[in-house]
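Please keep the sequence and the structure in view while reading.

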Amino acid sequence: MLRIDNLRKTFDVPSDQRGRGRATASAQLAAIDDVSLEIHEGEMFTFLGPSGCGKTTTLRSIAGLERPDSGEIRLSERVLFSRGRGRDREVPVNRRGLGMVFQSYAIWPHLSVFDNVAFPLQVMPRRDRPKKKVIEERVMRVLATMELDAFAGRSATKLSGGQQQRLALARALVTEPPLLLLDEPLSNLDAKLRESLRFELKRLQHEIGITSIYVTHDQVEALALSSRIAVMSKGQVAQVGAPRDIYTHPESKFVAEFIGNSNFLPATAVESGNGTAIVETPQGRLEVAVDRPLDATASYLIGIRPESVEVLAAETAPAAGNGFSGTVAARSYLGEAVDHIVDIGGYEMRARVNPSVSFPAGTAVRLRIDPATISLIPTEGASR
Amino acid sequence: MLQQRYTEERSAGQLVRRVLSPKNVIVFLAILIIGYLVLTPAIYLFIATFFSGGAFTLDAFRRAYGTSGLDSMVLSSIVFTVGATVLALALGTALAYITVRTNVPFRSLIVATSLVPLIVPGLLYTIAWVMVASPNVGIANQIGNALTGGPWFDIFSMPGMIWVEGTHNVPLVYLFMFVAFRAMDPSLEESALVNGATRATMLRRITIPLMRPALAAAALVVGVKTLGSFEVPTLLGVPGGIFVFVSRIYYVMSDFPYDTAAAGALSIGLVVLAILGTWALNRMQGDGKQYATVTGKGFRPAALDLGRWKWPVAIGVLVYFLVTTALPLFVMAYNSLLPHFQAISIRAMSEFTLQNYVDLFENPIFARSVGNSLLLAVGTATAIMVLTAVAAWVVVRGRRRSRKLVDQLTFIPMVFPGLVIGLAVSFVYLRNPLPIAVYGTLLILLIAYMTNFLPYGMRYAMSSLQQISAELEESSAVAGASWWQTWTRIVLPLMFPGLMAGWIYLLIVAVRELGSSILLYSPGNEVIAVLIFQMYEEGELVDISALGVVLVVFLSLIVALVHKFGSRVGIRL
Ligand SMILES: Nc1ncnc2c1ncn2[C@@H]1O[C@H](COP(=O)(O)OP(=O)(O)OP(=O)(O)O)[C@@H](O)[C@H]1O
Ligand SMILES: [Mg+2]
């Protein structure tokens, strides 16, 4: 539905603030570095990545607020932007007909709730503009969907955070755009509200069925909301896939780390069957669940989430089973969990367990890891 | 169907339409007008000074600077400017610190009274001081003569000039520093104390460096204003034989036959001096711009306990206001009731009359100049705010190159004092480049005022636009609005309170503008300030006093009305 091909965008960053008057050297910063993506009809697609990785810039390029250096953006068959591949084209931002929710919501403070939502209809080119009556109907309909109809006459600044978010959504949806863009719409809210609005958003998106692109740096949010996720890093797409895919099969250490892994061990395949494999790590052998047989000559990295590590007292647990033996090096209490740093033959593995399980430093323990929770990341030379 | 609506073929017609889009046309027109207003006077001044009969010559400089007393004129200009600026900075900063950061009694009263002198035009303030402290007729000196057998204070001297100019500019400094002290996070000071610094060290190492950008900004505005001040040097300096650049230029231009080239040469010297000062202060301010921490918001600074100094400080501040504000205003009101200027006495009070006011309202020139001044003030304020709304948008949101161009263009008039602008504008319209008559009409005053006040309007427009997040405009564009729709339905309404505040400020400064009017008015086109100046030269002190009272009351009414009703629509002066 939306296709992005080889998009690039660099910014000039003045490097020397003090040297005013002198010629200021400026560095080039690649905010988008050769990004290609395809987003399907009806999807909730997420750009996920750390701060500064180029999510917003990509989204703004789709909206037309930023002009990429090269590449192509198409919506269905319509070319929104094309540069450096034959004839250059660019549809101006106000003719793209997309909906967008800004991080700050960008609600116009001098207009009422009704007028904020009516604006996109009122500014349509005259020949497409609906009659006043129709505008009013459509605005009230979308306000009702967002449960804001009671506030129509109110000044837009007198709304709560959650209501403002729904107002911004209503305004983005009132023209029934083919694509909805959302830039961290939940990041301004407190944790509680964020959680409830996350579900609200998912419900709405499901009901309306609109294709959406969602930008966030919060992996929990991305996993909960998206049908597919593009994990971005330094202007590039590191991996695209369904949330479960990304969670269980990160393709690189970066993705694994970003999605919550923090224990990494180098590994080589020893025995590879259908469904499971045995790998050799410096700390010992480990059983891992796999989709397909491993390449015996390749090297891998295994990623283990702290919460998938079980900590057992060494004397009660059999030394067999999937895992390692070690000694607790440190422990910290986190309220709903306890973190243990366990020394396993020179590697410090982090394990996050229920607070009912707690071992003081120096205790000999056995770590148990479910093979299905271990992710296998191919390093150079390995194919998946 | 969508496909058809958005044909992206680039035909010639589309190209023309894109180039002639409302945005391009409006921005281009605004830059063109600003460029014209700013550059023509500069260029004509340059030509009139350096070219005579089509040939390059430095003769004008020889005539202007060759006369004796050159070094004393340059020295006087510098002493006057530095002295009055330092005085204003010291008093304004101290008052701001006292009102923002200490527990001085009557705090809100002090805040209000420290702004009152803003309303009194410089010309009236100067004349009021002549009536207070002229060695012969000044009321204070008459008391001095009676008590100690000699005058206490001679206002026609360099200290007199510095005192009057400096105290008149205190409110300007006060405003800058008040905002800066308010915005400073007190925890920056507290952490210095916690780390073992004494209060003195804290002031020296933390407070003053943090205040440096604001101090430099205030020094720039006040310094440039003082260097170009017309009223004080002409009324107070010339009688005592003290000349500065501005009074020398005026002197040259009032001595027939006018040596316009020599006046131009003096003007260029003055502008160079202003540029040097601006450059020096900009360097000082430049380093300080990195302190992002100073621009926080919403702190309630902990008040410094003055302890046993509480009442002495309060009394000192009150005495200061009595002397600098109440005394001149009182003297003016008092004299406006007398049939002729005379010493304070019981007998004089028995002669109190309203005849001066009656005369004033029956004077046809008064009515005419009030009309002219109001017309000019409204015209100038409106035209400038319309222009600077667009210009500020270009500077804040525009592309890098046009942003720089407009930013620099609108700054240029800062270094051109009002009198120099008047002179340069007269050069332009003696050889009128426009197809309409300008010389000898109100239009020439309008043009001079617009050039003169452009930077002020720009400051208001910029700060109001900077408060509007760019996302508010972007979301309008994404919603499908054209540039024009975004501009009229989103940007302008949001800027409106800031533009209105600028409009009112310009209205007030334009009503009292003398420097750029004095060389450009013609009979029938007098403005209020020129009328007062002429009356002063005729020695009609009691009539001026009546006029002054009327003017101050009128300006106070405007400010009070804005204060009362303006806050409803968010206008703050
Ligand atoms: N107008 C600009 N001028 C210069 N550099 C910019 C500009 N906009 C963005 N950048 C830079 O481009 C890079 C990508 O920025 P972008 O806003 O897309 O990041 P992001 O992924 O949205 O981050 P965040 O999660 O913090 O919002 C950053 O390094 C940023 O500093
Ligand atoms: Mg962002």
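Two residues are in contact when heavy atoms lie within 4.5 Å. The model discussed here is a predicted one, and in it the contact between the two chains takes 35 residues from chain A and 26 residues from chain B. About 2700 Å² of area is buried between chain B and chain A, and carbon and sulfur atoms give 54% of that area.

**Salt bridges**

How many salt bridges are counted between chain B and chain A? The count is 1 salt bridge, and the side chains of A:Arg60 and B:Glu474 meet in a salt bridge with a distance of 2.7 Å from N to O. Over all chains, a search of the whole structure finds 16 salt bridges. Within chain A, A:Glu90 forms a salt bridge with A:Arg67, and the closest N and O atoms of this pair are 2.9 Å apart. Because A:Glu90 lies in strand 6 (residues 89-90) of chain A, while A:Arg67 lies in the loop between helix 1 (55-63) and strand 4 (70-75) of chain A, the pair ties together parts that are 23 residues apart in sequence.

**Helix packing**

| Helix pair | Angle | Axis distance |
|---|---|---|
| Helix 2 (residues 113-122) and helix 4 (residues 161-173) of chain A | about 30° | 7 Å |
| Helix 4 and helix 5 (residues 191-208) of chain A | about 20° | 11 Å |
| Helix 7 (residues 122-133) and helix 24 (residues 528-537) of chain B | roughly 20° | within 11 Å |

Angles under 35 degrees count as roughly parallel. Helix 7 of chain B is therefore roughly parallel to helix 24 of chain B, and the crossing of these two helices is left-handed. Their contact is made by B:Leu123, B:Leu124, B:Ile127 and B:Val130 of helix 7 of chain B, together with B:Ala529, B:Ile532, B:Phe533 and B:Tyr536 of helix 24 of chain B. By class, this contact of helix 7 with helix 24 of chain B has 8 nonpolar residues, with no polar and no charged ones.

In chain A, helix 2 and helix 4 are likewise described as roughly parallel to each other, and helix 2 of chain A passes helix 4 of chain A in a right-handed crossing. Here A:Val113, A:Asn116, A:Val117 and A:Pro120 in helix 2 of chain A meet A:Leu167, A:Ala170 and A:Arg171 in helix 4 of chain A. The residues of this contact divide into 5 nonpolar, 1 polar and 1 charged.

Helix 4 of chain A also packs with helix 5 of chain A, and this pair is again roughly parallel. Is the crossing of helix 4 and helix 5 of chain A left-handed or right-handed? The crossing of these two helices is right-handed. On the side of helix 4 of chain A, the residues that meet helix 5 of chain A include A:Gly161, A:Gln165 and A:Leu169, and among their partners in helix 5 of chain A are A:Leu193, A:Leu197 and A:Glu200. The residues of the contact between helix 4 and helix 5 of chain A divide into 7 nonpolar, 3 polar and 2 charged.

Conventions:
Residues are numbered from 1 along each chain as its sequence is written. Chains are lettered from A and ligands numbered from 1 in the order in which they are written. This is a predicted model: local features need pLDDT of at least 70, side-chain atom pairs count only at pLDDT 80 or more; totals for chains, interfaces and linings use all residues. Side-chain values use heavy atoms; hydrogens and water are left out. Axes are lines fitted to C-alpha atoms, for helices over the stretch in contact, and angles run from 0 to 180 degrees between N-to-C directions. Helices (H or I, at least four residues) and strands (E, at least two) are DSSP runs, numbered from the N terminus. Angles under 35 degrees count as roughly parallel, over 145 as roughly antiparallel, 65 to 115 as roughly perpendicular and the rest as oblique. A crossing is left-handed if the near helix is turned anticlockwise from the far one by less than a right angle, and right-handed if clockwise. Ala, Val, Leu, Ile, Met, Phe, Trp, Tyr, Cys and Pro count as nonpolar, Asp, Glu, Lys and Arg as charged, and the others, Gly among them, as polar. Buried area is the accessible area (1.4 Å probe) that two parts lose on being put together, summed over both. A salt bridge is a side-chain nitrogen of Lys or Arg within 4 Å of a carboxyl oxygen of Asp or Glu.
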